[in-house]
Amino acid sequence: SMSWLQQAVVIFISKNIVEAKRGDLLFFENRGEIRFPFHSMIVSDVAGNEPFVIYHTGDGNILKRVPISYLSSSRIFRISSENPHFMGLYRFSILE
(Lines give C-alpha, C1' and ligand atoms only; values in the text may rest on other atoms or scores of the structure.)
Protein backbone atom coordinates (compact mmCIF):
# COMPACT_ATOMS: atom_id res chain seq x y z
CA SER A 1 0.00 0.00 0.00
CA MET A 2 1.03 3.59 -0.37
CA SER A 3 1.26 4.18 3.37
CA TRP A 4 3.70 1.27 3.66
CA LEU A 5 5.74 2.63 0.76
CA GLN A 6 5.84 6.06 2.36
CA GLN A 7 6.93 4.70 5.73
CA ALA A 8 9.35 2.00 4.62
CA VAL A 9 11.19 2.90 1.46
CA VAL A 10 10.78 6.57 0.53
CA ILE A 11 11.55 9.88 2.17
CA PHE A 12 9.71 13.17 1.79
CA ILE A 13 11.70 15.71 -0.24
CA SER A 14 9.45 18.71 -0.82
CA LYS A 15 6.26 20.06 -2.29
CA ASN A 16 8.40 22.13 -4.66
CA ILE A 17 8.64 20.39 -8.04
CA VAL A 18 11.91 22.15 -8.96
CA GLU A 19 13.61 19.68 -6.62
CA ALA A 20 12.44 16.69 -8.68
CA LYS A 21 14.94 14.17 -9.98
CA ARG A 22 14.53 11.20 -12.26
CA GLY A 23 12.95 8.33 -10.30
CA ASP A 24 11.24 10.52 -7.70
CA LEU A 25 7.63 9.77 -6.81
CA LEU A 26 4.69 12.15 -6.55
CA PHE A 27 1.85 11.14 -4.23
CA PHE A 28 -1.73 12.39 -4.25
CA GLU A 29 -4.68 11.70 -1.99
CA ASN A 30 -8.31 11.98 -3.01
CA ARG A 31 -10.42 11.13 0.04
CA GLY A 32 -13.60 11.38 -2.03
CA GLU A 33 -12.60 8.37 -4.09
CA ILE A 34 -13.40 5.20 -2.17
CA ARG A 35 -11.82 2.49 -4.34
CA PHE A 36 -8.51 4.20 -5.07
CA PRO A 37 -7.97 7.18 -2.76
CA PHE A 38 -4.20 7.33 -3.37
CA HIS A 39 -2.41 7.98 -6.64
CA SER A 40 1.24 8.10 -7.56
CA MET A 41 3.38 9.21 -10.48
CA ILE A 42 7.06 8.72 -11.20
CA VAL A 43 9.39 11.36 -12.61
CA SER A 44 10.77 9.87 -15.83
CA ASP A 45 13.13 12.69 -16.73
CA VAL A 46 13.59 16.43 -16.66
CA ALA A 47 13.70 18.23 -20.01
CA GLY A 48 14.95 21.77 -19.68
CA ASN A 49 13.43 22.90 -16.41
CA GLU A 50 10.27 20.80 -16.67
CA PRO A 51 9.90 17.33 -15.15
CA PHE A 52 7.98 14.67 -17.07
CA VAL A 53 5.95 12.08 -15.18
CA ILE A 54 4.54 8.65 -15.98
CA TYR A 55 1.21 7.60 -14.56
CA HIS A 56 -1.51 5.00 -15.04
CA THR A 57 -4.64 6.62 -16.45
CA GLY A 58 -7.08 4.25 -14.76
CA ASP A 59 -8.18 2.90 -18.14
CA GLY A 60 -7.01 -0.64 -18.80
CA ASN A 61 -3.28 -0.82 -19.39
CA ILE A 62 -2.76 2.79 -20.46
CA LEU A 63 0.26 4.69 -19.16
CA LYS A 64 0.95 8.31 -20.06
CA ARG A 65 4.18 10.28 -20.04
CA VAL A 66 3.41 13.99 -19.79
CA PRO A 67 5.12 17.22 -18.74
CA ILE A 68 4.14 18.52 -15.31
CA SER A 69 2.42 21.49 -16.97
CA TYR A 70 -0.12 19.02 -18.45
CA LEU A 71 -1.49 18.52 -14.92
CA SER A 72 -1.92 22.22 -14.13
CA SER A 73 -5.66 22.32 -14.86
CA SER A 74 -6.46 19.29 -12.70
CA ARG A 75 -8.05 19.96 -9.32
CA ILE A 76 -6.52 16.78 -7.85
CA PHE A 77 -3.24 16.37 -9.74
CA ARG A 78 -2.10 20.01 -9.92
CA ILE A 79 1.43 20.28 -8.55
CA SER A 80 1.21 23.06 -6.01
CA SER A 81 1.93 23.44 -2.32
CA GLU A 82 -1.57 24.93 -2.02
CA ASN A 83 -3.21 21.80 -3.47
CA PRO A 84 -4.39 19.71 -0.48
CA HIS A 85 -4.46 16.57 -2.67
CA PHE A 86 -0.74 16.84 -3.53
CA MET A 87 1.14 15.05 -0.78
CA GLY A 88 4.54 15.91 -2.16
CA LEU A 89 7.67 14.70 -3.85
CA TYR A 90 9.34 11.60 -2.42
CA ARG A 91 12.60 9.80 -3.15
CA PHE A 92 13.58 6.20 -2.59
CA SER A 93 15.65 6.18 0.61
CA ILE A 94 18.41 4.08 -1.02
CA LEU A 95 19.07 7.00 -3.39
CA GLU A 96 19.80 9.47 -0.60
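This is a predicted model: local features need pLDDT of at least 70, side-chain atom pairs count only at pLDDT 80 or more; totals for chains, interfaces and linings use all residues.

Colleague: OK, how many residues of strand E2 are buried?

Modeller: Five of the five in E2 (residues 25-29), so that strand is largely enclosed by the rest of the structure. Buried means under 20% relative accessible area, exposed over 50%, partly exposed in between, with a 1.4 Å probe and protein chains only. Strands (E, at least two residues) are DSSP runs, numbered from the N terminus.

Colleague: Which way do the E2 residues point?

Modeller: Leu25, Phe27 and Glu29 go one way, Leu26 and Phe28 the other.

Colleague: And which strand does E2 join through five bridges?

Modeller: E3 (residues 38-47), running antiparallel; strands pair if DSSP finds at least two bridges between them. Glu29 sits opposite Phe38 there. E2 also pairs with E6, antiparallel again, over four bridges.

Colleague: What stands opposite Phe28 in E6?

Modeller: Phe86, which belongs to E6 (residues 86-92).

Colleague: Is Phe86 buried or exposed?

Modeller: Buried, because its relative accessibility is 1%. Beyond neighbours within four places in sequence, Phe86 has contacts (heavy atoms within 4.5 Å) including Leu26, Phe28 and Ile79.

Colleague: Switching topic, where is Ile54?

Modeller: In strand E4 (residues 50-56). Ile54 is partly exposed, at 30% relative accessible area.

Definitions and conventions
Residues are numbered from 1 along each chain as its sequence is written. Side-chain values use heavy atoms; hydrogens and water are left out.
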